[in-house]
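Thanks for passing this one along. Here are my notes, in the order in which I would talk them through with you.

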Amino acid sequence: MGKPRSGPRLHSLEVPLDGITLLVPSAAIAEVINLQNMVPVPFSQPWMNGAIGWRTLAVPVISFETLLGAPATARPAIGKIVVFYPLGGRQDWEFFAMFAASEPRPQVLDGSQPVAEGSELPDSPYIAAGLKVDGRLILIPDLEALKKAFYPT
Amino acid sequence: MADPNQYLRLQLGGTSYLLPGASGFTIEQREHLITNKSPEGNIAAWQSVRSARLPAYCLDGMLRVTRHPDWHRAVFLDALPHAVGLVVDEVQLLPRAETTVTPFTPLGLPPTRLGHLFSGAWVMGHRLMLVFDPQAFVAYLQSLGDE
């Protein structure tokens, strides 16, 4: 039996959402915090739930599930808020956040995890790829597509 | 009497927003305005200025047009071709020294032709107040029409 293909180790975090799990580089996440009061932002997109106060900044909070097409829902009663660093090329104060169903879990990838077939992935521009980890499908968000949705002008 | 060193806290419904003092505004008491007695239309009152009538709108906490009889003052924002007004539940001038405003960019498509309605926020621990972008907010108010 051949040895599993392996490569450089990539430290990532599994972010459990409502029904799906995202995989993001650990370096993309600034902090995981408890749920807190959120201020609605009038006339924002259905996938933008509002804004929270974090450090000295107002940080917009998104529902990734709604971005994928799920109906917009109210703030979950339990879970976490994952605060992400600004996307590439954006201002250094443009953090954003999303709800997570529970605490993100560390995951070290070494290239041996099988890539999911396209037919297994949601039909969404915001998903770049998927991996099978211990038989579970975890989705890798397309950060460039997110940036276009977040900052269209 | 706009002071560039101040923010104006506007309470609409149960929600407070900040307006930079530099944007220019005047505060008018209800008794100096002409109340719209018709339940129809978006305008709550007018300010009569020379031969013109400047509209004032009543908004709820989500900035949707609403109408309610229990109000006492309106804030008129300087704008072209004429000022545009906003009925407020409360209005308070805050010295800039008391407020620390940081930039804030709402995500997604902006709702007005001049961009997003908010350009900053005042964060106090886990509480925050959004700060209007004056030009975009005026554009929104103007989009509500003159009827």
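The points below start with confidence and then go through the sheet, the chain contact and the core.

1. **What we are looking at.** This is a predicted model, in which local features need pLDDT of at least 70, side-chain atom pairs count only at pLDDT 80 or more, and totals for chains, interfaces and linings use all residues. Residues are numbered from 1 along each chain as its sequence is written, while chains are lettered from A and ligands numbered from 1 in the order in which they are written.

2. **Confidence.** The predictor assigns the complex an ipTM of 0.89 and a pTM of 0.90. Chain B has a mean pLDDT of 91, with 96% of its residues at 70 or more; pLDDT is the predictor's confidence in each residue, from 0 to 100.

3. **The sheet in chain B.** Six strands make an open sheet with mixed pairing, in the order β3-β7-β8-β6-β5-β4 (chain B). Helices (H or I, at least four residues) and strands (E, at least two) are DSSP runs numbered from the N terminus, and two strands pair if DSSP finds at least two bridges between them. At the edges are β3 (25-29) and β4 (34-35) of chain B, each pairing on one side only. Helix α1 (residues 134-143) of chain B packs on this sheet, where it touches β6 (52-58), β7 (73-77) and β8 (84-88) of chain B, and its direction makes about 90° with that of β8(B). For that angle, axes are lines fitted to C-alpha atoms, for helices over the stretch in contact, and angles run from 0 to 180 degrees between N-to-C directions.

4. **Walking in from β4(B).** β4(B) runs antiparallel to β5 (residues 43-49) of chain B, joined by 2 bridges, with Ile34(B) partnered by Trp46(B). Next, β5(B) and β6(B) are antiparallel over 6 bridges, and Ile43(B) is opposite Tyr57(B). These two strands form a hairpin with 2 residues between them, and Arg50(B) in the turn has a positive phi of about 50°. On to β8(B): β6(B) pairs with this strand in the parallel sense over 3 bridges, and Ala56(B) has Gly85(B) as its bridge partner. Because 5 of its 7 residues are buried, β6(B) is largely enclosed by the rest of the structure; buried means that 20 or more other C-beta atoms, placed from the backbone, lie within 10 Å of the residue's own.

5. **A hairpin in chain A.** Strand β4 (residues 48-54) of chain A pairs with β5(A) in the antiparallel sense over 6 bridges, and Gly53(A) is opposite Ala58(A). Here too there are 2 residues between the strands of the hairpin, with Arg55(A) in the turn at a positive phi of about 55°. β5(A) also runs parallel to β7 (residues 96-100) of chain A, joined by 2 bridges.

6. **Where the chains meet.** How many residues does each chain bring to the contact? Chain B gives 22 and chain A gives 24, with contact meaning C-beta atoms, placed from the backbone, within 7 Å. β10 (101-103), β11 (118-124) and β12 (127-132) of chain B each supply at least two residues of chain B's side.

7. **The core.** The largest nonpolar core has 77 residues, and Val59(A), Val61(A), Ala97(A) and Ala121(B) have the most contacts inside it. Such a core is a set of buried Ala, Val, Leu, Ile, Met, Phe, Trp, Tyr and Cys residues joined through C-beta atoms within 7 Å. Ala121(B) touches residues including Ala51(A), Ala58(A) and Leu128(B).

Terms used
Two residues are in contact if their C-beta atoms, placed from the backbone, lie within 7 Å. A residue is buried if 20 or more other C-beta atoms lie within 10 Å of its own, exposed if 12 or fewer, and partly exposed in between; C-beta atoms are placed from the backbone. Lists of a residue's contacts leave out its neighbours within four places in sequence.
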